[in-house]
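Q: I have the coordinates open and would like to go through them with you, one topic at a time. Could you take me through what stands out?

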Number of protein chains: 4
Amino acid sequence: MGDTLGKNFRITTWGESHGGGVGVVIDGCPAGLPISAEEIQFELDRRKPGQSRITTQRKESDTAHLLSGIFEGLTLGTAISIMVKNEDARSNSYEELKDLYRPSHADYTYEASYGLRNWKGGGRASARETIGRVAAGAIAKKILSQHCNIETLAYVEQIHDIKAKIDRNTVDFESIENNMVRCPDQEVVPLMIKRIEEARKSGDSVGGIIGAVVRNTPPGFGDPVFDKLTADFAKALMSLPATRGVEFGLGFDSVALKGSEHNDPFIFKDQQVRTRTNFSGGIQGGISNGEDIHLRVAFKPTATINFEQDTITRSGKETKLKAKGRHDPCVLPRAVPMVEAMINLVLVDHFLRSLLKKNQSLSLRNNSD
Amino acid sequence: MGDTLGKNFRITTWGESHGGGVGVVIDGCPAGLPISAEEIQFELDRRKPGQSRITTQRKESDTAHLLSGIFEGLTLGTAISIMVKNEDARSNSYEELKDLYRPSHADYTYEASYGLRNWKGGGRASARETIGRVAAGAIAKKILSQHCNIETLAYVEQIHDIKAKIDRNTVDFESIENNMVRCPDQEVVPLMIKRIEEARKSGDSVGGIIGAVVRNTPPGFGDPVFDKLTADFAKALMSLPATRGVEFGLGFDSVALKGSEHNDPFIFKDQQVRTRTNFSGGIQGGISNGEDIHLRVAFKPTATINFEQDTITRSGKETKLKAKGRHDPCVLPRAVPMVEAMINLVLVDHFLRSLLKKNQSLSLRNNSD
Amino acid sequence: MGDTLGKNFRITTWGESHGGGVGVVIDGCPAGLPISAEEIQFELDRRKPGQSRITTQRKESDTAHLLSGIFEGLTLGTAISIMVKNEDARSNSYEELKDLYRPSHADYTYEASYGLRNWKGGGRASARETIGRVAAGAIAKKILSQHCNIETLAYVEQIHDIKAKIDRNTVDFESIENNMVRCPDQEVVPLMIKRIEEARKSGDSVGGIIGAVVRNTPPGFGDPVFDKLTADFAKALMSLPATRGVEFGLGFDSVALKGSEHNDPFIFKDQQVRTRTNFSGGIQGGISNGEDIHLRVAFKPTATINFEQDTITRSGKETKLKAKGRHDPCVLPRAVPMVEAMINLVLVDHFLRSLLKKNQSLSLRNNSD
Amino acid sequence: MGDTLGKNFRITTWGESHGGGVGVVIDGCPAGLPISAEEIQFELDRRKPGQSRITTQRKESDTAHLLSGIFEGLTLGTAISIMVKNEDARSNSYEELKDLYRPSHADYTYEASYGLRNWKGGGRASARETIGRVAAGAIAKKILSQHCNIETLAYVEQIHDIKAKIDRNTVDFESIENNMVRCPDQEVVPLMIKRIEEARKSGDSVGGIIGAVVRNTPPGFGDPVFDKLTADFAKALMSLPATRGVEFGLGFDSVALKGSEHNDPFIFKDQQVRTRTNFSGGIQGGISNGEDIHLRVAFKPTATINFEQDTITRSGKETKLKAKGRHDPCVLPRAVPMVEAMINLVLVDHFLRSLLKKNQSLSLRNNSD
């Protein structure tokens, strides 16, 4: 009952890591949007396994099949169905996992929840599920870019205890994508790669923090009281595998400031309402104020490690597990496009909603059509 | 379009801080639940203004009127409507706010979003809106207590830079409620009170962190892939006014650990699947694993301060604002019951959903009826 | 779990016939819409009891209290809460109904569903619940009128076996409202009144058919595949008390025609795509085609009669019931504004959705704002 | 924005008649349900084209591919994805339809709605879209059968003006399926076949009425006030292509009765609450009362005919159309499994909801698990 996200731009994902494939159905995408398989594939390629030596070596082309909703290069306005087949699923390597629970994976909780699980891989808990999100995110990105010039950039801010120095005002796509970690601070990139490789070699894993900046969000996105932009971002981001926390603006650090220090004074600049500082991270009262949106997401170290670990069997017997599956020693480089996708999916939903908010605009809109 | 939360236990809140009142409609509450006005009032009283010298002095009895859905002390299974009237709304003290934007409030963003706003107070952005949530949360609490013995405790962990020492295994309701800050660490309570009073006297405000522990959540709550328990908690909590971040388990601190350090080994204890450590904070793969749930929420310092502040008018003219309204120098003491309410509202929704997850249980259930 | 209707214009109703009152919360109404208490009261007065000698004599002023969401005569864009108090609830006249089931009422089915019921009146099954719908419908009507010039007219087509002759092309509000039956065929009005009065005198009841015509619906309302206009109308109308059937265009009579007779040829007239005939009743493939929408709803005879009837007690003992409550011998005159409200609520939801359907229009809209 | 139906058992369909295929994603199916490809295929085969000489001759095997959500013969509790490929799509036969509108088809309304359409066939308006519904309906049927012993039988009651005599108390699956019309009145079957064949030969089409009886629905299904069983059935059924009306119990004929004639007296029989008559058709106050559910659906004559018809081009020029595509001269025989599917999809949703209605049952349920 939780496979759908969104209200006016709705995505429903399906598929397990080991099965017929994974995919997404998108409901509510406006008609007449030009979208090509290449634009979708571009984002999937940023997410796919085996793209560098610091990701899992599972071999998947992750080729998007556009099954419905797009006709002669334009969206039809009805359900868009996109599918990716599973190609390199080595189910037999999971045979030993059939009867035991991998620590800090979802094996036990899925069984507690459903009474059974697809033990050939992580099932729905696999990061492979995010393929559908990233594909849908590519469409969201196109809409946001076309209508609002919105630019969403996610990047690695921290790997384990290695912190990058990032100027959110100048960070750009090129500086993120020019290295396999997706960290725009070129100085720390080699350190980060080294740390991830060390983890991989030792069979261990590391986590980190992904930051994001969203530029050009118009003021007014976000619906009180439950669908605040912060609330919807938080839900979307915390639905990604391995996330442990999310914060906006100064986030947890805002606690150390007093109101007189934290408040963002309003100014009028270039005929626009602006704030002198942006400690609010572009969102006030749950609604965008036109300043850049700033957020950060914490990812725990990958649960899959090549250490012998204590665990129990399904019947409660204590045993040892030594995972042998291919895995990512650090999910963050591949999680960057996932974070961007989730941000864009929330934004496109609120973009559409924002068009219905003012009675006066409905007339303009209705007449101009 | 964002006034409703939940799927199987749905709440819709309404009302502005200055208007006919505030309230909530609850849809999906099971029939036959015994619930009294006192149980609801008990939670509202923990939230209401003027309850101590460190909260706003606005005088509101916040008396709950149960208008529908409860009959002879039992829920009817149909829409429950609860209303609280506004009594001490001093709209004229807001007259000067009609044409300018208070910094870091929602005045500007509401206007950007809707083209107008109820300038007599904070409108829907007022913390007064949370009355409906807290009333509904009281009903959620009753259900969770009755069926699962779930106990949700929220408490103040930090005020400004004063941090409490809290043992989440032993913290109890009494130690939280016996002081006006709602911090269970009695040693720091006087310091926290002093800090809040200093802020009030100087016209400033402070923020802080609320922590929460949930005991006795059965394994299996949470629906992949979007309605993970972490995701739904994050949305519900980030929809509260003044929140800036949320984290689960070790949260942002998990980043500093390696997988071999962070994983929670499974053990079998008292005939139950347990984990030796609980770095996951009771949620794995977005689903509860039966361990205590741990989470933390960051609140920014209140935006309302009694300082002269730079701002602009609706027409873009630079001006000065000196707020004179009554306000909370620190929202956290009153936010504790709000956090509990949001947690319980998410849990009761997932409790209901959990009952439909296993085909086998449907039979049991259907026959036993 | 069924107290909410709509996607982008959502209404949630609450309240029982005997309790604190009844009301509605509207979520998704655009901001800046001028709406007065009078406009809402106008529709409520058409629905209220005691308005003529052929309706129930329960005395209710049904005065609308606008509690939130409207400020200085304009909608705020956030939740609108409207409440009507119960004034003439004579609960003691229901005492004998506590332990038995009125035939063809919802007493038994509510108890089967929920295990208990508010036996002081019909609870949620009372037609009194529709007050919230009619109040919300008044707002929907205003939006549709303002932006699309849509005019929705419902009227009584048949009472028992007395059929009116109605020209759907010329029927107008005045000819409907100038008589207490709300039938535009002035010739049959006296016969219908007589039939209803006979029913009332004999303690019996009669049903009938309400027809409706909707003018000026723009082409393109309706969302495949489940939210077809026909589907959403059907749900909304069949959710009204006492409804037994609904049909569109020629409805059940279309069965007697062949495709060559039933198809509506397209023509181009006044620079618009039109159809020569309108057997489709304005809806093709579930989407409006710009022609007048035609529909009909069947209402069964009121279940409340003053006859001795066989029934059983809650414990299964056979007994006799002679209803003594005030009741409508025929619900149709008061159901006319309810049908209009439901039609308008569906249309306003699809009006809003229609604005988001074309990618090209989003740009126009976004720029013009 | 209308591709999803249901609340607790949700289906999302996708796909056009001419494209990569059609399919469905099911969210909310309980875990551990045994379901085989054969059970799904059985229903698809009843729906598929070319099954007899009175259906379209389009050749489609309509083989179901189970892509996710089923593992080792059991449902996983997470999204079930089922796909059917398009095999015999002859898009070039639609080339002439690119620039004109087929009368009483959805060509024009889709274009009005979305600004473009997939003119290679009917797109989403094609009856081919119902494949996903029928596949999902097979799973719904299994759940209802397993837990409630519910039996849903739909059948042809009327073709054009040929009416069958049907005893709803004795009609069975065998008598429906033993003839290509799916009419249980063997006497009129040859007449119906003849009428359909005549229509096909003359290039014309005929409509008709499908009736349905549902046995063993427990009392208590249906949620006031908007999700009445009648309302949800009406929406689901009116979302099927070519439907023009729906009625329950006596439906439009109830209008001719007085309340004293129409009311169903309660009796106590075999330790159960029953009604002596069943004019209500098993639903009172929108909730099932345990009696058989009776409903009827009107289908218009197929819009596709092989007559020369007047129409216009996209640019408004008058022209003639002579359809040459393969088509069903009468949709009813293939619509029978569609009607059953829609009924079962609504019922399974309400079955799940019904399990959450009584607080007392939650305890039983929770403990028994």
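**Helices, chain contacts and backbone details**

A: Let us begin with helix α3 (residues 130-148) of chain D, whose 19 residues should span 27 Å at 1.5 Å a residue, which agrees with the 25 Å between its end C-alpha atoms. Please keep in mind throughout that this is a predicted model.

Q: Is α3(D) largely enclosed or open, and how many of its residues are buried?

A: Of the 19 residues of α3(D), 17 are buried, so the helix is largely enclosed by the rest of the structure.

Q: And what follows α3(D)?

A: The helix is followed by Asn149(D), which has a positive phi, near 60°.

Q: Switching to chain A, how do α1 and α8 cross?

A: The axes of helix α1 (residues 37-47) and helix α8 (residues 332-354) of chain A come within 7 Å and cross at roughly 135°. That angle makes α1(A) oblique to α8(A).

Q: Which residues make that contact?

A: From α1(A) the contact is made by Glu43(A), Arg46(A) and Arg47(A), and from α8(A) by Arg334(A), Pro337(A), Met338(A) and Ala341(A). Sorted by class, the contact of α1(A) with α8(A) has 3 nonpolar and 4 charged residues, with no polar ones.

Q: What span does α8(A) reach, and how many of its residues are buried?

A: With 23 residues, α8(A) reaches 32 Å from its first C-alpha to its last, which is close to the 33 Å expected at 1.5 Å a residue. As for burial, 23 of the 23 residues of α8(A) are buried, so α8(A) is largely enclosed by the rest of the structure.

Q: Why say that the copies B and D meet through the same surface?

A: The reason is that 100% of the interface residues of chain B are also interface residues in chain D, so the copies meet through the same surface.

Q: And what about chain B against chain A?

A: Chain B is superposed on chain A by a rotation of 180° with 0.0 Å of shift along the axis, and the RMSD is 0.0 Å. In chain B, the C-alpha nearest that axis belongs to Lys235(B), at 2.4 Å from it. For this pair, 99% of the interface residues of chain B are also interface residues in chain A, so these copies too meet through the same surface.

Q: Back to the backbone: which peptide bonds are cis in chains C and D?

A: In chain C, the peptide bond from Pro224(C) to Val225(C) is cis, with omega near 0°, and Val225(C) is found in the loop between β10 (208-215) and α6 (229-238) of that chain. In chain D, a cis peptide bond joins Pro224(D) and Val225(D), with omega about 0°, and Val225(D) is found in the loop between β10 (208-215) and α6 (229-238) of chain D.

Q: What about phi in chain A, say at His160(A) and Gln271(A)?

A: Phi of His160(A) is near 50°, a positive value in a residue other than glycine, and His160(A) is placed in the loop between β8 (151-159) and β9 (162-163) of chain A. Phi of Gln271(A) is likewise positive, near 60°, and Gln271(A) is found in the loop between β12 (266-269) and β13 (272-275) of chain A.

Q: Buried or exposed, those two?

A: His160(A) counts as buried because it has 21 C-beta neighbours inside 10 Å, whereas Gln271(A) is exposed, with 6 other C-beta atoms within 10 Å.

Q: Last one: where is Glu291(D), and what is it in contact with?

A: Glu291(D) is in the loop between β15 (287-288) and β16 (293-299) of chain D. Leaving aside neighbours within four places in sequence, Glu291(D) is in contact with Arg274(D), Thr275(D), Asn278(D) and Gly282(D).

Technical notes
Residues are numbered from 1 along each chain as its sequence is written. Chains are lettered from A and ligands numbered from 1 in the order in which they are written. This is a predicted model: local features need pLDDT of at least 70, side-chain atom pairs count only at pLDDT 80 or more; totals for chains, interfaces and linings use all residues. Two residues are in contact if their C-beta atoms, placed from the backbone, lie within 7 Å. Axes are lines fitted to C-alpha atoms, for helices over the stretch in contact, and angles run from 0 to 180 degrees between N-to-C directions. Helices (H or I, at least four residues) and strands (E, at least two) are DSSP runs, numbered from the N terminus. Angles under 35 degrees count as roughly parallel, over 145 as roughly antiparallel, 65 to 115 as roughly perpendicular and the rest as oblique. Ala, Val, Leu, Ile, Met, Phe, Trp, Tyr, Cys and Pro count as nonpolar, Asp, Glu, Lys and Arg as charged, and the others, Gly among them, as polar. The expected span of a helix is 1.5 Å times one less than its number of residues. A residue is buried if 20 or more other C-beta atoms lie within 10 Å of its own, exposed if 12 or fewer, and partly exposed in between; C-beta atoms are placed from the backbone. Copies are superposed by least squares on the C-alpha atoms of residues with pLDDT of at least 70 in both.
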